[in-house]
Structure formats: structure tokens, C-alpha cells
Amino acid sequence: MTQNQIIDRDYAGEGIYRENIIDHYKSPRNFGILENSDAEYMEFNPLCGDEATMQIKIKDNLIKDIKFKGKGCAISMASCSILTEKIKGKSLNEVKKLEKEQVYEMLSIPISPQRVKCALLSWETLRRLIKIYENKNG
Amino acid sequence: MQLHQSYKMELDVEKIRKDFPILARLLNKKQLIYFDSAATSQCPRIVIDSIKGFYEKHNANIHRGIHKLAEESTLMYEEAHQKVADFINADFEEIIFTKNTTEALNLLAYSLLNDLKENDEIILSQMEHHSNIVPWQQLAKLKKVKINYVKVTEEGKLNLIHLKSLINEKTRIVSITHVSNLLGTINPVKEISEIAHEKNIIFIVDAAQSIPHMKVDVKDIDADFLVFSGHKMCAPTGIGVLYGKKVLLEKISPFLYGGDMIKEVTFENTRFNDLPWKFEAGTPPIAEGIALGVAVDYLNSIGMENIEEYEDKLTQYLYKKLKEQKDVKIYGPEKRSSLVSFNLYEIHPHDVATILDSEGIAIRAGHMCAMPLVKEVLNESAVCRISLYFYNTKEEIDKFILALDKVRKVFGK
Ligand SMILES: Cc1ncc(COP(=O)(O)O)c(C=O)c1O
């Protein structure tokens, strides 16, 4: 990035706090603890101290259930809520192919470089969680 | 209006602000309000010009050339050491330029731990910046040296009774921050120095957050070593300072080896250079070093006592304003240096910082490089921090307090 681009870039600013994000942040979907989960993983973002734990239940290669718990900013928590909502019921293969860009699309807000880690906390947690599941059941 | 006038005092802040080109910048189409000087302060024009001037007129390596340019650059670089020495009441030989506070602390950890024995002990505190924890922690593991942490009281001060109880015949080093970069606490370094010296323990002061804001006198504190960074005191990045008592610097071994720090080299052996060069191996950041000297001149021209007095009033004003907010929790004692860390009830610091940024207000959010303090002592995952410098104003604080309403609005509070 050149200096001028940095100065001219239109900052997302408060525009990232769309109604949808605040709604998911205040009433997160799939928030809580899963009894008898098949795998569990906790991811930590040392930069800001955000953390998320996800648990999944898998049957016939389908995500039967998923829950998360965590502490963090509106973006990271809304992202967990939205992502878990989207993938519930999907096949493991589909979920494994999920790209970062799709997570940005789900959030449908402009993500500035400083907030990438927040936006992707859910995705990083999910990726590692699935690896753990596969290692256990591979 | 009277309050406003008496508030302005001797410092002509409007005039001072014109010295800092960046303060004229718009941020997100709003007038920049820079509240992150504890992370890095801004540079006045004379400091910026000195870097340009050096490269346009004097650029040459130091201590190496016979030519005129080398003579000039050497003189300028050495003069900067003298300015820093005078600034903290030290001698020329006692001032070593490093990259930053972190490098100075690494230097001390390597050089001092070298002489320690297994089961020796060192004392740090719970309110240290990572740079005054991690170097000791990693090397202590290798040397099997034990680290004890002085507890922080409920109010956010160092527990001196606990400090005294930690000292025993195995204690070799006490390394403590002068001002906490998160709590704003000003630690009684003179008293700690006496406590340590009674038992012949080496006392190190991390002055990264005090030097920019108050008069610091190494002889008055009787610090054995004292470290700070240029970039928090109006100088550029890439330059920091290690002060050490001459007798101690002569005793300890260098940390970096190479050119410039030698007197005589054979293929088998090396005689190290005189102080301070013994500790400055290789080509240093010359322009930055010179610029640090200019920053010291600049601070002196305003007067450290004036800066301290002005900032104290400004900080008290910020503290009072924040205290009035029912949903704000403040960390640290009331009597403090120029920063306030807080949380806005149930809104994550990152979200607070992002919304303030959209209002042109630059604050810090996170663990402030003091993760154990935030997580294990304050029981938070992150905090917001406003840090002030003498170029900030009461009007900026008022705008910030208003902007908090915007944060609440976004979150429907
Ligand atoms: C108290 C304290 N110590 C040490 C440091 C480290 O300074 P630097 O990053 O310049 O090495 C800082 C700066 O963040 C600080 O606030």
C-alpha cells in the first residue's frame, strides 16, 4: 500500500456495526455448551484477548449440531454466531472447503486490516476443530 | 470561563500544537485527536527536520572516517549522548544508545544473568510491560534463576510490604517500572532503590513511561540502570537509551559484538572499547540518535516541570470526566501519570476503539503488552487506554467524552 492509498482509503469505521452484527452480538445463535460433543477446540487471539470455544456433533458426515462460547468484541462474536448458523446441517466436506472470503460475505460488512483477526476468529476455530475431529475419527 | 483560563497556565498549547505537523491531519474526515502517546508520541517539526537535515548535509558513518562528513556525524552523534546524559543527570560514558527499551532490557538480562548462579532470585512486579518480563523469564529458565513478582494492591499500586517480604539473601536484581503503562501508577522508585541497595541488590528502572512526562534524575533515584525509548518522548522510532552507573557498565560484558565496540582485535582475542561504545556494536541509527538529542532540546525548551504540571491538570480532568460516567470502570489509582485505562461496561474495547476511530479519536485497546496484569490481576481480557501528552487539550477530552455517547448508541445502550 502506498502512503496515499492509506490516507485516501475510506475507513469502514462505525459502518461495520450494522444491525445484523449487533443483533447477532447481543443474541448470539448457538451460544452455549453441547453435551456429548464429538470434538471441541478453543482458539485465542493474543492480540486482543478474544477467545472462542466451539463444539460439534457429527453424524453421517453432517454437522448435526454446533455450539460456541466465548468472550470478545462484537465482530468476533457475531462472526461465530453467523458462521455456526450457516454451517449447521451442512456436510463436513462442504464446511472444509469454506474460504475466508465466504466468511466476509456472510458478515457483509467491510473489514479493515485491524479487524481481520476478529472477523476470522470463528473460521480459524472451526478449521482447527474439524482437524481435531478428523484426527480423532480418521 | 475563568476555569478555562487558569487551566491554560503557562504552556501555550495552541502554539505547541503547531510544532507537530501530524496534529493538523484529518482522520476519517474528522480532526485527529491523538490519545495514544504512551504507545508512541508524535514528533515536532524540528525533530523531523533534523533527520532530513542529517541526510542532506552530514550523512556518514561515525567513528570510522577521517573525512569532514565523518567528523561532523561523529560529533553530532556524540553530542546527542551528552544531551541525553544532561537530561537525566548522568555522565556521557553512562549513556548507551539502543534500539528501544526492549533492547536495553534484553541487554541487561543477558549481561547480568550471565553472572548469576542457580537458585539466585530476581524481583519484577505484576505491573511490568512484557519487555520487562519476557527477557528475564526466558533467560532465568536457562540459568535456573527464580523470578518473584511484587503484587499490585487493589488500588493499583505496588505492594511495598510484599516487595520487602520477597527480598532475601539470594535476591540479586530488582527491575521495576517507574510508571505503569496500563494503570498509570507512579511507583516510588527512590524508596524501592533504598530497599534494594540496603541488601546490595541491583536496581533497574524501566522509565519508558516516566521520562517523557516528568523530570527524572538518575542520581536522585540512585538507579543502577535505567532504560527508555526515544519514540515515546518526541523522537523517532529506532532509538532508545540504557543508562548505567559507570562502575557497573565497566564490569558487565557486552551483549552485541562486532565493529565499533572494540579497541584492538587479533584473530584470537579482542579488547573492548571504552564506554559507552563497548555496548554499541555496529553502525547505529545515527540520524535517529541525533534526532533524540533534538527531541531532548525541544522538551527542555518547554520545560519538564511545565509539562508535568500541565499534564497533571489534564489527566485529573480526564479522570474526573470518566469517573462521572456511570458505565465506565477505571483501573489504577487516582494519583497517576498521564494515562487512564478503562472499560465501558459490556462493550468490548475493540468496538469502543473502532467507533472512536470513526470520530477521529485514536486510542489504544487491548492488553497493552501487560497480559498477566490484565488477565490475572484485573480479570479482564482487554481494556481501553487514553494516553495524553502536552499537546493534548481539555477540548479534545470533551469531544472524546461526547463520542462515548456515540459508542453507546451503536450498541443500543
Ligand atoms: C513501561 C514500558 N516498558 C517498556 C516498553 C517497551 O518499549 P519499546 O517497545 O519501545 O521497546 C513500553 C512501551 O510500550 C512501556 O510502556
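How many cavities of 30 Å³ or more does a search of the whole structure find? The search finds one.

## Basis

This is a predicted model, in which local features need pLDDT of at least 70 and side-chain atom pairs count only at pLDDT 80 or more, while totals for chains, interfaces and linings use all residues. Residues are numbered from 1 along each chain as its sequence is written, chains are lettered from A in the order in which they are written, and side-chain values use heavy atoms, without hydrogens and water.

## Interface of chain A and chain B

Chain A puts 24 residues and chain B 21 residues into the contact (heavy atoms within 4.5 Å). About 1800 Å² is buried between the chains, 52% of it on carbon and sulfur atoms; this is the accessible area (1.4 Å probe) lost on putting the two parts together, summed over both.

Two salt bridges cross the interface (a side-chain nitrogen of Lys or Arg within 4 Å of a carboxyl oxygen of Asp or Glu). R115(A) and D351(B) form a salt bridge, with 3.0 Å between the closest N and O atoms.

The side of chain A that touches chain B comprises 14 nonpolar, three polar and seven charged residues, with Gly counted as polar.

## Cavity

The largest cavity has a volume of about 40 Å³, taken as the space filled by probe spheres set on the grid points. A cavity is a set of points on a 1 Å grid where a 1.4 Å probe fits but cannot get out, and lining residues have an atom within 4 Å of a point.

Its lining includes S37(B), Q209(B), H213(B) and L388(B). By class, the lining has three nonpolar, six polar and no charged residues.

Key: 1 Å grid on protein atoms, 1.4 Å probe; cavity = no way out; pocket = protein on both sides within 12 Å on 5 of 7 lines; lining within 4 Å.
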